Amino acid sequence: MLNVLIIGNGQCGNRVLDAINKEAFGKKSKFAKFYSKQKYKSNVETIAINTAINDLKELEFTKAKDRVHIPHLHGVGANRNVGKQVFEENKEHITRKVEDRGPFDVAFVITSSSGGTGSSFTPLLVKELKERYDFPVYSLVVLPFREEGTLYLQNTAFSLKEIRESGTDGIILADNQFLKDLGGNVQSAYDGINGMIAERMMFLLDSMDSEMMMVTDLGDFQTVMAGGAGLATIGYYRADKDLPVKTAIQNALAPSGLLFSTNVYEEASRAMVIIKGDNEYLSIDDISNEIEKLSANVGHVFKGIIVRKGEYPQVLVVSTMESASEIENLYNVAIDAIGQEREKKNRIENEKEVDKAFSKIDGLEPHY
Amino acid sequence: MMKTGKNLLRILGIVLLLAIATEGVAADSEIFNDTIERGNGYQINNYVIDVADVFTEEDSKGASIYIYRKNEEIDNKFLSVNDTYSFDFEDEGEVTVKIIKTAGSALPRAQLSIVLSDYSLQNLHTNKVINGGHDEATFAGTPILDINKNLDSDTIKSGETVKVTVKVQNTGDDKATDVVFSDPMQENFVLEETFVDQMGPMSIEVDETKTIAVYLLKATESGNLTLKPTTATFSNTVGQDFSQATSNTPSITVEAAEKEKAVLNLTNQASSLTIPRGDTVTSTINIKNTGEAPAETVNINLDIPDGMEYVEGDNEIEIIDGAPQIYLESLGEGQEKEISFSVKANEMGTYNLSAQLSYNNGADESINTEAITNNIHVKEGRFDFLLNLPIYVYVLPILVIIGVGGWVFYKHREYKF
Ligand SMILES: Nc1nc2c(ncn2[C@@H]2O[C@H](COP(=O)(O)OP(=O)(O)OP(=O)(O)O)[C@@H](O)[C@H]2O)c(=O)[nH]1
Ligand SMILES: [Mg+2]
């Protein structure tokens, strides 16, 4: 049994973590925690870290003892410099929380790329974990809606870079913008997106810790994540009716199944495909055909099959990317944004010059 | 010694005064000194001195006198001139007759001196010359009035009347004249009605009976009462007054009248005769005065049996020492009151509610009665069956509830940040 650590940093990280904890109860009821048990296969420890106490209070499925408040006003106001400073000041406190619950076999750190707290804590925390322990640490990064403003884009550009350089074993991308555009089941945008991420994470954890034959394991996952540019995303499809497994695999790889805009067949570097369901749906031929199709375009493809009596086919795909055109687009926009922010700052400084001019007559009296 | 001397002097003085006062009585009085013709007489009260014969011859001047008491001759005597003759008069008195002189031939007559001694002159009602002598005299008698006061009943009740009849009979030997009756007011009675009222003045012949008063007296008090006598003052034919006649004083027993009494009727009714334990039952007390007087100090104790509990009631009910009571200063004739209260049945069983009444019936009698409801059956309460069940039947659900509650609380705490 694996010992898994999942940390959610900042509001976005907290909420996604809470969604995973909720997903673990299986039932979608708000009161599930009162009568149900979390169905984690592994020994999972979750920690929500935030500077804003209200964000922590909002959580419903994460135990109180798993919520760590780092006091600093009510968040760091998207200012990553402040966020980094606060982390440095509280580093010991945070790492002790991890230490107390360890040892772990694998860790996931969830954050938005654009806020202040999560995006500045995550690279520093990953670096800290990598220095102290030797288990793999993966980062699950949520990209902002593009219209959220230049500050968020700027933060995204810098935080993504820093996370990559932090020593993380891989970045799994989820893009709010992309998931919103898909529409569909995304009603209350955040809850919908968080649910999608949670569903995939649960499946992933399940598949890494399964004792069944023909399954992938943590090692396979590590290999996949080590490929490409260190960026990955997850595709998923769950049939709600009698459906050929071939279609289910295709749907998991289609944009509607992915968390990030990519053409797997063109941009993927390595992939892992896990198929779950009743035996009657799991036609080995069909599966092999589809996997072959994928591996012809992509490099190595790991394949796992989990037999679940009476369940319709479900498919999870983890794929690392050789290239990510969407990230390039994002950085282009971000550079503009950085320019704009700098200009704005200069303008403010010029305004300060005006202040200086006014201040020259401080203490003088008019003479008539 | 000095003192005794003074007293003696004083007594002496009084005796002297008395002697002077009685002198007129004791003294001799010449009541007549004149001539009386032969055949005539002189009457002194019921005595007549007849001058039967007068002798005028020089050597035998005198007169024959006959003394009569009424028509009875008591003595006769020839008296020469200057002779005296005395005879006893009435009780103590004495009459002395003296022939002073005689004269006349065709109409011989004698001069007489008549002296009355030892006699009180005020008792002298007749003293005059009677032409024709004692045969022509009228004598005065003593009327005796027997007054009889008669009651038609000797026992009556207070408030009832008795008829009083007053009759008089003259049992004396002379006609009673100037008879005036006096019938005093009677204490403890009031005059209710008068039928006959002849109080005089009147005359009553010898042996005559008269009804002088008939009236009704109403008794106002009880007891053995004696009526005051009727009295009469009267004279005889010659106007002689007599001491007043007095009637008998009849007695009568006046029994105390039955006082009007209050009679209270008390009923006590329960609103329901079968109730489940824990419920309340209302008892309604009705009290009515069917008697003829107001009841006083009306007190009702409401007896609440063990296993029941007084809950609330009308304003008339007050709780004294934990016991509900009703007190009414009075309850007038025909007055009726209805008072309700409720009790709660705490225990199963058969009960009745008792209301104990005591009052003064207006005739100073203390009356005690009681009104009891029919039996009230308190059966098993709505949820009593729970108590009869084995303990685990309700303990288990309670434990489950506690368990679930505790779990929810624990979970809530676990997730409450
Ligand atoms: N998918 C998803 N995105 C979220 C959620 N909450 C916030 N975000 C996104 O996260 C970004 C903002 O970062 P936050 O996580 O709120 O910021 P933070 O880390 O708490 O930092 P500060 O609030 O600045 O201290 C925005 O781009 C939001 O669109 C969420 O619940 N789900
Ligand atoms: Mg925040």
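The questions below concern a predicted model.

Biologist: Why is Glu30(B) called partly exposed?

Modeller: Its relative accessibility is 45%. Buried would require under 20% and exposed over 50%, so Glu30(B) counts as partly exposed. Glu30(B) is found in strand 1 of chain B, residues 29-37.

Biologist: What makes the link between the side chains of Glu30(B) and Ser113(B) a polar contact?

Modeller: The distance is 2.4 Å. The limit for such a pair of N or O atoms is within 3.5 Å, so the link qualifies. The side chains of Glu30(B) and Asn33(B) are also joined by a polar contact, of 3.2 Å.

Biologist: How far apart are Glu30(B) and Ser113(B) in sequence and in space?

Modeller: They are 83 residues apart in sequence, and 6.8 Å apart from C-alpha to C-alpha. Leaving out residues up to four places away in sequence, Glu30(B) touches Ser113(B), Ile114(B) and Val115(B).

Biologist: Which residues form the nonpolar patch?

Modeller: Phe383(B), Phe385(B), Leu386(B), Leu389(B), Ile391(B), Tyr392(B) and Val393(B), with about 680 Å² of accessible area together.

Biologist: Which helix supplies the largest share of the nonpolar patch?

Modeller: Helix 4 of chain B, with three residues. Helix 3 (384-388) and helix 4 (391-415) each supply at least two.

Terms used: Residues are numbered from 1 along each chain as its sequence is written. Chains are lettered from A and ligands numbered from 1 in the order in which they are written. This is a predicted model: local features need pLDDT of at least 70, side-chain atom pairs count only at pLDDT 80 or more; totals for chains, interfaces and linings use all residues. Side-chain values use heavy atoms; hydrogens and water are left out. Helices (H or I, at least four residues) and strands (E, at least two) are DSSP runs, numbered from the N terminus. Buried means under 20% relative accessible area, exposed over 50%, partly exposed in between (1.4 Å probe, protein chains only). Contact means heavy atoms within 4.5 Å. A polar contact is a pair of N or O atoms within 3.5 Å; within protein, one must be able to donate a hydrogen and the other to accept it, and residues adjacent in sequence count only if both atoms are side-chain atoms. Patches are made of residues with over 30% relative accessible area and no salt bridge: like charges are joined within 9 Å, nonpolar side chains (Val, Leu, Ile, Met, Phe, Trp, Tyr) within 5 Å. Accessible areas come from the Shrake-Rupley method with a 1.4 Å probe; for residues, only the protein chains shown count as cover. A salt bridge is a side-chain nitrogen of Lys or Arg within 4 Å of a carboxyl oxygen of Asp or Glu.
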